[in-house]
Structure formats: structure tokens, C-alpha cells
Amino acid sequence: TVGGCAPSPIGVTPVTINSSPVVNLGVDVTQCGGTVLLDAGNPGLSFAWSTTETTQTIIVSSTGTYSVTVTGANSCTASDTMDITINSVPVVNLGTDITQCGGTVLLDAGNPGLSYGWSTVETTQTITVSSTGTYSVIVTDINSCTASDTMDITINSVPLVNLGTDITQCGGTVLLDAGNPGLGFTWSTTETTQAITVSSTGSYSV
């Protein structure tokens, strides 16, 4: 009692401050192809993504701005947004492996105007090869996205055949020798030996 007066009652109001979820999707992402996993964290709460998905995590495969709102049991919410850039990757296809007899093979990496790095150290879109080997190329675009392909090429050597110069003679026979012992032979006379003997005028081939 102060001065004969009783103190007035003091009103007490309970206050509850519920904590909000903490949502952090991370830093913005720029990458070449592929997918990105976005995780809103906070297991067991409610999720509303800009993609309309309602799971804790989503997987995205295209460029865009993605956001999520997380709601707790007490209806407190938090949200975050992430910009994702997924650049396309060059498509490189040198074709199927090649086996041939002699000659050369033209390899084309396609994708005109981009940058090329061949296993032969050449840097053009196309190269011409003339020997057996494994050839590969890496193609790089303006976003530094890369793609590669490899081709096995087998160029078998071709037999050397020289029957000599044309012959004109009086009577007798002529021995024609195709050389290359041990290989297979097919003459225009239907004979199949390395050498044949002819006794009449004509054109002979093997």
C-alpha cells in the first residue's frame, strides 16, 4: 500500500513467436547439359514449388527461375529462389568404325563454326586420315560446353600388281606373273595361279 492505496493489478498477455523454416536453395547454377537437384531442406514440412511439385526435392533439366515456399506446422513460411542456366551440349558423331583397303577417310566433326581439337592436333572441322588408328575429336562451343567422339579406322594395305608393259612378239608364249606369292589370284582366263602362260593375242588381266 502506497499512501493508503492498493496497487492496481497488472495484466499479463502470453506471446508465442513461432520460428520460420530456413530455406536455402544455394547459389545460382550455370552448367552444360544434365540436370540439377534442388533441395528445400526441412524434412517433413510442406513444399510448394513454382513447378507445382510438392516434394522436398525436385530435379530440373531446363533453364529457368525456380522458387519454393516451405510451410511449417505452425503455418509459418519461408521461401527461396534460384536461377538455373543449362546450356546445350554440341552433338558429335563421327560415324561407325571403318575398315577399308587403302585410300583415305574423311572425318567430319560437324557443328560448323565451333572449336575443334583432334587427337592428331588438327583444329579444323574435318580431317583426312590415311593410316590405321583411333581418332578422336573434342568440340567446344561459345559457352565452353564440350562433346567428343572417337572412331577406329583400319586401312589395310593394297597388293602391288605390275604385269609389265604390253608385249608384241612373233610366235611363242608369254609368261604373266602377278607377283605377291601366297595371295589369291583371279585371271581373266579364269586361272587362279600366281603366273599363267599365254600363247594367243589378247588382253589379259588379274
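The model is predicted, so local features need pLDDT of at least 70 and side-chain atom pairs count only at pLDDT 80 or more, while totals for chains, interfaces and linings use all residues. Residues are numbered from 1 along each chain as its sequence is written, and side-chain values use heavy atoms, with hydrogens and water left out.

## Overall form

The protein contains 14 strands and zero helices, where both kinds of element are DSSP runs numbered from the N terminus, helices being H or I runs of at least four residues and strands being E runs of at least two. Read from the N terminus, the order of elements is β-β-β-β-β-β-β-β-β-β-β-β-β-β. The radius of gyration is 40 Å, well over the 17 Å that the globule rule gives for 206 residues, so the protein is more spread out than a compact globule. That radius is taken over C-alpha atoms, and the globule rule is 2.2 Å times the number of residues to the power 0.38. Along its principal axes, the C-alpha trace spans about 160 × 30 × 25 Å.

Of the 206 residues, 25% count as buried; in this scheme buried means under 20% relative accessible area, exposed means over 50%, and partly exposed lies in between, with a 1.4 Å probe and protein chains only. The accessible surface comes to about 13,300 Å², and 52% of it belongs to carbon and sulfur atoms; such areas come from the Shrake-Rupley method with a 1.4 Å probe. Among the contacts with a separation of 6 or more, 43% are between residues 24 or more positions apart, a contact being heavy atoms within 4.5 Å.

## The largest pocket

The largest pocket holds about 490 Å³ of space. Of its 19 lining residues, Ile167, Val174, Ser200, Gly202 and Tyr204 are the closest to its centre. A pocket here is an open set of points on a 1 Å grid over the protein atoms alone, where a 1.4 Å probe fits and protein lies on both sides within 12 Å along at least five of seven lines, and lining residues have an atom within 4 Å of a point. The volume is the space filled by probe spheres set on the points. By class, the lining has six nonpolar, twelve polar and one charged residues, with Ala, Val, Leu, Ile, Met, Phe, Trp, Tyr, Cys and Pro counted as nonpolar, Asp, Glu, Lys and Arg as charged, and the others, Gly among them, as polar.

## Single residues

Asn24 counts as exposed at 58% relative accessibility, and Ser19 counts as exposed at 59%. Leaving aside neighbours within four places in sequence, Asn24 is in contact with Asp39 and Asp80, whereas Ser19 touches Asn74 and Cys76.

Gln31 lies in strand S1 and is partly exposed, with a relative accessible area of 23%. Beyond its neighbours within four places in sequence, Gln31 is in contact with Val36, Thr85, Ile86 and Asn87. Asn87 belongs to strand S6, residues 77–87, and counts as buried at 16% relative accessibility.

Gln100 is found in strand S7, residues 98–101, and is partly exposed, with a relative accessible area of 23%. Not counting residues up to four places away in sequence, Gln100 touches Val105, Thr154, Ile155 and Asn156.

The table gives C-alpha separations for some of these residues.

| Residue pair | Distance along the chain | C-alpha separation |
|---|---|---|
| Asn24 and Ala40 | 16 residues | 6.6 Å |
| Gln31 and Cys145 | 114 residues | 8.2 Å |
| Gln100 and Asn156 | 56 residues | 6.2 Å |
| Ser19 and Thr77 | 58 residues | 9.3 Å |

Two loop residues remain. Asn42, found in the loop between strand S2 (36–39) and strand S3 (46–49), has a positive phi of about 50° although it is not a glycine. Ser144 lies in the loop between strand S11 (133–140) and strand S12 (146–156); its phi is near 65°, a positive value in a residue other than glycine, and Ser144 counts as exposed at 55% relative accessibility.
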